[in-house]
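Subject: Structure for you to look over

Dear colleague,

I am passing on the structure below, followed by some notes on what was found in it. Please read the notes with the structure open beside them.

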Amino acid sequence: QVQLVESGGGLVQAGGSLRLSCETSGFTFSNADMSWYRQAPGKERELVAVSASVGGTTSYADSVKGRFTISRDNAKSTVYLQMNSLKPDDTAVYYCNAVLTRSWRYWGQGIQVTVSS
């Protein structure tokens, strides 16, 4: 049974911080590329951050670079997204994603992040 469960969202003022967590089970977490996506109302879902399974590579969307940090704890099968200096434009539903192969992909249920101005 594959599960990805997000937590840590909520309401925060502009300039504040939140840390999202995605606890997973049912697959070999250390072999998975883990990512965070987000989708704001009326907009397309966009890739926010990636933590690759090989080489410790991370990457970020230009809009969050320098403010967000993705990290992972393979012992806990959990990936995190630390979000600092939050802006109202960061308001969205955030989704955790796991990829093992081109045909093996799973998504979390999504969690709301709201940033007030």
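In these notes, buried means under 20% relative accessible area, exposed means over 50%, and partly exposed is what falls in between (1.4 Å probe, protein chains only). This is a predicted model, in which local features need pLDDT of at least 70 and side-chain atom pairs count only at pLDDT 80 or more, whereas totals for chains, interfaces and linings use all residues. Residues are numbered from 1 along each chain as its sequence is written, and side-chain values use heavy atoms, with hydrogens and water left out.

The structure holds 4 salt bridges, a salt bridge being a side-chain nitrogen of Lys or Arg within 4 Å of a carboxyl oxygen of Asp or Glu. Arg-38, Glu-46, Arg-67 and Asp-90 are joined in a network of such bridges. Asp-90 is buried, at 2% relative accessibility, and its side chain meets that of Arg-38 at 2.9 Å, N to O. Arg-38 belongs to strand β4 (residues 33–39) and Asp-90 to the loop between β8 (78–83) and β9 (92–101), so this pair ties together parts that are 52 residues apart in sequence; strands (E, at least two residues) and helices (H or I, at least four) are DSSP runs, numbered from the N terminus.

Asp-90 also forms a salt bridge with Arg-67, where the closest N and O atoms are 2.8 Å apart. Here Arg-67 sits in the loop between β6 (58–60) and β7 (68–73), and the two residues, 23 apart, link distant parts of the chain. Arg-67 counts as buried at 11% relative accessibility, and Arg-38 is likewise buried, at 6%. The side chain of Arg-38 also pairs with that of Glu-46 at 2.6 Å, N to O, although Glu-46 is partly exposed, with a relative accessible area of 32%.

Turning to the nonpolar core (buried Ala, Val, Leu, Ile, Met, Phe, Trp, Tyr and Cys residues joined through side-chain atoms within 4.5 Å), the largest has 29 residues, and Trp-36, Leu-81, Met-83 and Tyr-94 have the most contacts inside it. Among the elements that give two or more residues to this core are β3 (18–25), β5 (46–51) and β11 (111–116), while β9 gives the most, with 4 residues.

With best wishes
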